[in-house]
Amino acid sequence: MRTAKFVLTRVAGMIIVLLIVTFVTFLVFYVLPSDPAQLACGRPCSPEALSLAREFMGFNVPWYQQFLDFLGGIFSGRTFGTGATAIHCTAPCFGYDFQNNVEVLTEITDRIEVSFSVAFGAAVIWLISGVGLGVLSALRRGRPIDRITMAVAMAGVSMPAYLAGMIGITIFAFALDVVPKNGYVSITDDPAQWAWHLVLPWLVLAFLHAAIYARLTRGQMVETLGEDFIRTARAKGLTETKVVGKHALRNVLLPVITVFGVDLGALLAGTVITERIFGMAGVGKLLVDAIAGMNLPVMLGVTLFSALIVTFMNFAVDLFYGALDPRARLT
Amino acid sequence: MKGSQVKRLIAGVAVTATLLTACGANDTPSGGTANGGGTVKAGGTLYILTDSPSQQFDPAKSSNLVITALSLVHRRLTSWSVAPGKDTEIVPDLATDTGKASDGGKTWTFTLKDGLKFGDGTPIKSADVKWGLERSFAPAFSGGLTYHKDLLSPGLAYKGPFDGGKELDTIETPDDKTIIFHLARPYGDFNWVASTPAFAPVPKGKGAEADYGNHPVTSGPYNVQSYERGKGATLVRNPNWSATEDTTRKGYPDKIEFQLGQQTAVIAKRLIDDSGNDQTAFGAPFVAPAQLVQITGNPSAKSRLVTSESGALAYLSLNVTRGKLADPNVRKAFQYAVDKAAYQVASAGSPDLAGEVATTLITPGIKGREKFDLYPAPPAGDPEKAKQLLAQAGLPNGLDGLVLVTRNENSYPEKAAAIQAGLARAGIKVTIKTLDTDAYTQEVDTKENPDYDLALSSWQPDIPSANANIQPLFQSTEIGGGGVNESRLNDPDIDKGIIDAQSSVDPADAAKKWVELDKKLMEKSVVVPLIYTRNSFLHGSKLGNFVIGKFPAYVDYRQWGVIQ
């Protein structure tokens, strides 16, 4: 009963958060000095042509009406224009991309595989390597391996993603020629090529993120290893592997999982720079292209999608707490 | 001719010769021998690497020049013949000639060639050209070049053929071969306008769907086999296209693959690296200044760099509605105060790569252009002369508090800083206001009373006619509302001159009138022409026939091929 109430409360909270995000994003984009109809007007753009473009795209009404039309489209779909050339955006309609003649939701779903492939693969690598190196550093505190690991971690934390990507592609793709230079192969077409094309993006992203996890894990592990229950476990004669692996690590993982949920959520919503550098058409690249082309419907749709993923991941992390820590379970 | 002019002429010739050597050394014409052996022949796959996330193949929505990507798929009534060192000429494409004007330029008649076929094998009729144009009036298909619209339906009274099936009665198709246009006013450049994308045929009754551009019925050398937004497009041979009949396109490659949405730095790296499929690849984006430095230090890459001899006019608009700038004598001081040499360095690192100093509004490569310089000065300007002019205009202490607006992309902030420093030498103090492209359009081109004194921009005409150089930038109808009359000149004499020149159907007479307007505008000093901006492109070692004409400053996609 308490679990059901918790879930319902959280879902209601998520909906409110999403509504606020949608409203604020909408307001920001539409109050900005920009006019999507101007891009669809043609050249030269006469006042008559601009007016017709605005009317067709639904931008000829006040902003609050546009917002309500947008929300209504999510539940009941929308139609732009009339007659034979009318464009139907089926529910849930997250907007229509007039520059590319496609529903925004279709654009996002077409690209989810790429973003999820990049994000999950990188997340597995950075979680294992980050936590592993963090534990190793904590256990070898003050020794060379600790110092080297933390120095590398510091480099990863402080390096801009663009620089890391360009260094990675320059060394491994151009100088050594051991990995593909760019592109993406669907896992359904060729799983081996899928992984091969993703190796470098995974490693670059993992390098950037693992650093945070290594430092976080090390700090938590050093603190946990000083706790009374660890001394008790050792006094009971448990092996060091069991003390660290079963008792200490479980405590260490709680904050790690919290950060991981947020990071993975953000990454699933698009690895902007990585996708751009490696020429992968994911959700992140969709957003970058939309910003470059001032494609407001796509910017709005992707922002809403990102907010949805991040809030869902937070919710999933909360649920996972219960599995990891009995004290957090709802009975 | 003064000494400085001679020096400039010699320098210009030397620069052009150097660039042409660099540009053309590795570009093998059809049948010639490439530096690595082999000739450009039919066959092979050509890759186009582009940073753009999409490629528009819908003729109604496209604003492509006649020589770039759209020409691979669609033909138009007329086309352009481009060649290095030569002015661009109008030539027939689907039509048998470049159009016949009658009724003082209000009526234009074109006749289609025999045996023309769409990619699906059906014959191309005059009604299909008419349908394509009618379709471009539908609000759902706006976005392309619109020069024809106001001439065929003033005020956009016509809303397209789809709802109610109404035809555009200003276009007549008495038979399958003939198409007659009845314009609202005389227009001498209508045959140039007939080379814009909307004049590509669309089978009558088709193309109502919004994504028609993803699977268009083609008339050019290639069919669109596949198109994926943000990823790529594959073009394969159109078996119904005839290389012997189409004299403007070579159609050498068997297949053309677009790789969309690539990072520009990675495109440059791939092309410099020149391995695998990238040996037959072409980089569509202009090579950025930082990459030019890298390329010029690499002999292999340098031999594959092609640079235009001219290009878009970079210019500084002087807002004639603001304060002292309303006085032409004050504006003339700006012609001498600006440091064009510094602008060249800020643009591309060197004058050679940036482009020749500009003194006219009509750009090189436009037939009938006359080169003149009303304000002779060294490329770095003549600040002392500027100070004298300001003093004569009652401003012995110079000018203060001017706002220079520009964009935040394409090195514009650096270019604006070069302008600011140049003007400061003559006592003109300027504050730079940098806006993103959209905000710039809203502030400078849309508002009624925008807050700027100077605007830094560039202009590439859509058609090789002086009309396209002058009218959009200086006719009073182009002030605000999305127009680009950024000097906000509202001069009845200039407006009358523009309408008069547009009405002339005699190219020599029209050219004379446009040159007169060029001189008048320069006398009024409403803009400071800066440079004719060169564009540089990089390609793989197994591509040849790279042609960049005097206009436009883009590679001619119709000529290139794979070296076999």
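Biologist: Which loop of chain B holds Arg488(B)?

Modeller: Arg488(B) isn't a glycine, yet its phi is positive, about 55°. Helices here are DSSP runs of H or I with at least four residues, strands are E runs of at least two, and both are numbered from the N terminus. On that numbering, Arg488(B) sits in the loop between α14 (466–474) and α15 (492–503) of chain B.

Biologist: Before we go on, what kind of model is this?

Modeller: Residues count from 1 along each chain as its sequence is written, and chains are lettered from A and ligands numbered from 1 in the order in which they are written. Local features need pLDDT of at least 70, side-chain atom pairs count only at pLDDT 80 or more, and totals for chains, interfaces and linings use all residues, since this is a predicted model.

Biologist: Is Arg488(B) buried or exposed?

Modeller: The test counts other C-beta atoms, placed from the backbone, within 10 Å of the residue's own: 20 or more is buried, 12 or fewer exposed, and in between partly exposed. Arg488(B) has 23 C-beta neighbours inside 10 Å, so it counts as buried.

Biologist: And Asp177(A), buried or exposed?

Modeller: Asp177(A) also has a positive phi without being glycine, near 55°. You'll find Asp177(A) in the loop between α7 (161–175) and α8 (191–225) of chain A. With 12 C-beta neighbours inside 10 Å, Asp177(A) counts as exposed.

Biologist: Which residue is joined to Pro44(A) by a cis peptide bond?

Modeller: Pro44(A) lies in the loop between α2 and α3 of chain A. Omega is about -5° for the cis bond, and the partner is Arg43(A).

Biologist: How do the buried residues of α3(A) sit around the helix axis, within what arc?

Modeller: Helix α3 (residues 47–57) of chain A has buried residues Ala49(A), Leu50(A), Leu52(A), Ala53(A), Phe56(A) and Met57(A). They line one face of the helix because, taking directions from the helix axis to the C-beta atoms, they fall within an arc of 165°.

Biologist: Which elements do those buried residues of α3(A) pack against?

Modeller: Contact means that the C-beta atoms of two residues, placed from the backbone, lie within 7 Å. By that test, the buried residues of α3(A) pack against α2 (36–39) and β1 (78–80) of chain A.

Biologist: How are α5(A) and α12(A) oriented to each other?

Modeller: Axes are lines fitted to C-alpha atoms, for helices over the stretch in contact, with angles from 0 to 180 degrees between N-to-C directions. Helix α5 (residues 104–139) and helix α12 (residues 283–292) of chain A pack at about 130°, with axes 7 Å apart. Under 35 degrees is roughly parallel, over 145 roughly antiparallel, 65 to 115 roughly perpendicular and the rest oblique. α5(A) and α12(A) are therefore oblique.

Biologist: Which residues of α12(A) make that contact?

Modeller: From α5(A) come Glu107(A), Ile108(A), Arg111(A), Ile112(A) and Ser115(A). On the α12(A) side you have Val283(A), Gly284(A) and Leu286(A).

Biologist: Over in chain B, which residues form the covered face of β4(B)?

Modeller: In a regular strand the side chains alternate between the two faces of the sheet. In strand β4 (residues 89–92) of chain B, Glu89(B) and Val91(B) are on the uncovered face. The covered face has Ile90(B) and Pro92(B).

Biologist: Last one: how many residues does chain A give to the contact with chain B?

Modeller: On the chain B side, α5 (264–273) and α13 (437–446) each give two or more residues. Chain B puts in 40 residues, and chain A gives 43 residues.
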